Amino acid sequence: MKFRSTRDSELTTTLSDALLQGLANDGGLFVPENFPSYQLDDFLGLDSLSEIAYRFLLPFFRNDQLEIHLQSICENAFTFDTPLNFIDANNAILELFHGPTGAFKDVGARFLAQCFGKMESELTILVATSGDTGSAVAAAFHGISGVKVYILYPKGMISDFQETQLACWSDNITSLRVESDFDACQKLVKEAFSDEALKSKHNLTSANSINIGRLLPQCVYYVASCIEYYLKNQKSASFVIPTGNMGNALAAIWVKEMGFPIDKIILSCNENDTIVDYIENGKFNPKASIRTLANAMDVGNPSNLERFMDLKSHSNHEFDYISAKSVSDGEITISIKKAQSNFGLIICPHTATAFNNISKLQISDWIAVSTAHPVKFKEIVEPIVGHNISMPANLIKFLDLSKNYIDMNPDLRELEKFLIKST
Ligand SMILES: *Cc1c(COP(=O)(O)O)cnc(C)c1O
């Protein structure tokens with residue numbers, strides 16, 4: 001299969017090349033040239049997520065150099081469960097937080113890392129992070145041969161636990177603590193990519209969330225969970241999805257478009273309402289982001305909206321199965337409390353936006369997508385639920401690790417020195 005830019009249908013490339021480029025040359029995002037169609041029967045009898053992943057992803061890998069490696073990529077990437085936790089007969093929570101760093105970004109990051117690990121060339125990955133993405137990327141790429149990773153994060157702006165998750169690595173992972181804010185880290189990465197000499201000398205590439213190699217594997221847990229629900233209840237569930245940059249939700253929309261049994265898709269945003277505005281009024285007005293309790297969704301200019309607009313412009317049907325609604329910090333707090341008292345569940349602030357919309361919009365037959373383990377946001381959640389949250393086994397190992405970072409100024413030549421030293 002070929003992948004094309006959202007900005008120019010003629011600009012196509014292979015999957016491997018789309019993974020390496022991240023962003024298309026014209027600034028657009030890569031999307032599949034066409035979507036395969038599947039039969040439910042194709043998936044019956046497959047038990048593990050990695051088998052489902054292989055069956056689902058193979059058409060996207062056809063004729064690419066990675067096709068022969070896909071089975072092993074799936075086996076190494078889908079090493080943890082994404083279970084559907086039914087709270088009663090018709091409603092369930094899709095738990096995406098059982099991976100190595102406790103957030104759904106582990107799925108995409110691990111898959112992309114495995115893909116890069118199978119490529120012939122030596123690569124250098126640069127990532128700017130405000131927290132969760134960097135830790136998922138670091139954990140996923142640690143020990144992948146032929147790939148060096150540099151994580152840039154703002155000094156003093158992330159939690160102690162997040163910093164440990166970022167900076168506990170060594171070997172092929174280098175954590176750079178930048179004397180500035182997140183925007184400066186991101187700017188530095190962009191400067192490095194636009195320095196053509198530097199870029200080609202070190203084979204620079206990115207692992208950020210707009211990479212198609214992170215989006216495709218996210219489809220897999222929607223495929224698995226919508227089929228499980230459908231077989232159990234003989235009807236389709238509606239997914240309620242905490243949404244920031246819209247990568248997670250777009251995966252669900254693609255899965256529905258490919259014919260899988262999904263009823264409605266509800267995008268749950270925090271007070272950053274660019275997506276809500278677009279879905280409700282058709283107007284795309286990117287804004288500066290505002291800080292909320294669900295900080296991994298603090299996105300004012302959601303990149304993947306471009307992929308959704310592209311999908312719409314290539315379809316001849318309405319998308320009225322999609323709705324979007326903002327949830328305030330006050331409502332997030334109330335929903336964390338209610339999940340505790342109604343269901344005995346401790347949820348993270350992002351997951352709380354989904355719970356809030358389920359009651360506000362009176363959704364039935366729902367699957368609420370739980371994007372992170374609440375302990376990652378314990379500073380917010382513990383005071384609300386009134387007790388300490390215990391660390392799950394996948395996260396407890398980080399507590400004893402020491403941090404191993406290098407301080408730097410937000411300066412491209414300084415970054416270059418690190419890149420040279422390690423080659
Ligand atoms: C990244 C993230 C989100 C938002 O996902 P998008 O794909 O950006 O919409 C929601 N919750 C958590 C915990 C996240 O880390």
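**Notes on the ligand site and the sheet**

1. Let's start at the ligand. One of its oxygen atoms sits 2.9 Å from a polar backbone atom of Asn248. Keep in mind as you look that this is a predicted model.

2. Now step to Gly247, where a polar backbone atom is 3.0 Å from an oxygen atom of the ligand. Thr371 uses its side chain instead: an N or O atom there lies 2.8 Å from a nitrogen atom of the ligand. How much of the ligand's accessible area does the protein cover? On its own the ligand has 380 Å² of accessible area, and the protein covers 96% of that.

3. Who else is around? The ligand is surrounded by 14 residues, and the closest are Lys105, Gly244, Asn245, Met246 and Thr371. Sorted by type, this shell has 7 polar, 5 nonpolar and 2 charged residues.

4. Next, find the sheet. Its 6 strands run in the order β4-β5-β13-β10-β11-β12; the sheet is open and the pairing is mixed. Which strands are at the edges? They are β4 (84-86) and β12 (322-326), each of which pairs on one side only. From one strand to the next, the twist averages 25°.

5. Zoom in on the β4 end. Here β4 pairs with β5 (residues 92-95) in the antiparallel sense, over 3 bridges. Look for Leu84, which stands opposite Leu94 in β5.

6. Last, a helix to spot: α9 (residues 212-233) packs on the sheet. It touches β4, β5, β10 (237-242), β11 (262-269) and β13 (366-370). The direction of α9 makes about 35° with that of β4.

Technical notes:
Residues numbered from 1 in each chain as written. Predicted model: local features only at pLDDT ≥ 70, side-chain atom pairs only at ≥ 80, totals over all residues. Heavy atoms only, no water. Near = heavy atom within 4 Å. Polar contact = N/O pair within 3.5 Å; in protein donor to acceptor, adjacent residues only side chain to side chain. Areas by Shrake-Rupley, 256 points an atom, 1.4 Å probe, with all protein chains shown as cover. Nonpolar A, V, L, I, M, F, W, Y, C, P; charged D, E, K, R; others polar. Pairing = 2+ DSSP bridges. Helix = DSSP H or I, 4+ residues; strand = E, 2+ residues; numbered from the N terminus. Axes fitted to C-alpha atoms, helices over the stretch in contact; angles between N-to-C directions. Contact = heavy atoms within 4.5 Å.
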